Amino acid sequence: MEDTVLDKSSGSGTGLWNIRAALFLILWYVFSGCTLFLNKYILTTLQGDPTLLGTCQMLMTLVCGLIQMHFPCGMYKLVRRHKKPPGFFKHMILVGTMRFTTVLLGLIALNYVAVSFTETIKSSAPIFTVVISRILLGERTGFYVNMSLIPVMLGLALCSSNELSFDIRGFAAALATNFTECLQNVYSKMLISGERYRYT
């Protein structure tokens, strides 16, 4: 079995001082922005169906991911692994289901509320992450980190009360998107760095 390990040989420095890391971060912002506004255009102007659009995006992710496994484009190195980690297919199905649910709920949210309001709701992600990390990983956050979440919650409540495009369906879908995305991220971290799994 082949495993993937990030290629850290090129670039210099660590974190965002690494040229490759900074480049990929910029590309992520560009593609995320383009995807966000294209999704809104397809859903509102072209009257697209959120389920169909989400399914097409996941199929393209599957195809491109399969291609990248065989042609890594210098992003990682293939390492031979003798056997799959325990519960491999169960964990992959769970992560894939969470990802599809996140994409679908995000598209439903865009169908009902403005892009700016959707992104404002997503600012509540740290709250969900703190709670889910505590439940799944047992991670405790410090007092000052918890206190810093209060202005985020107050700001979200203020924006929601004055938002012209407010729709309870879009608001609920955006909040659910946050929850499923944070759950997926924490669960993925558990699989990648947990002592029981060692997926990398």
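Helix H5 (residues 125-136) packs against helix H7 (residues 168-193) with the axes 9 Å apart and at an angle of about 45°. Helices here are DSSP runs of H or I with at least four residues, numbered from the N terminus; axes are lines fitted to C-alpha atoms over the stretch in contact, and angles run from 0 to 180 degrees between N-to-C directions. H5 and H7 are therefore oblique to each other, since angles under 35 degrees count as roughly parallel, over 145 as roughly antiparallel, 65 to 115 as roughly perpendicular and the rest as oblique.

This is a predicted model, in which local features need pLDDT of at least 70, side-chain atom pairs count only at pLDDT 80 or more, and totals for chains, interfaces and linings use all residues. Residues are numbered from 1 along each chain as its sequence is written, and side-chain values use heavy atoms, with hydrogens and water left out.

Which residues of H5 meet H7? Among them are Phe128, Ile132 and Leu136, while H7 contributes residues including Phe179, Leu183 and Val186; contact means heavy atoms within 4.5 Å.

A second pair is formed by helix H2 (residues 50-70) and helix H3 (residues 88-112), whose axes come within 9 Å and cross at roughly 140°. H2 and H3 are therefore also oblique to each other. Leu53 and Met58 are among the H2 residues that meet H3, where Phe100 and Leu104 are among the partners.

Terms used: Helix = DSSP H or I, 4+ residues; strand = E, 2+ residues; numbered from the N terminus.
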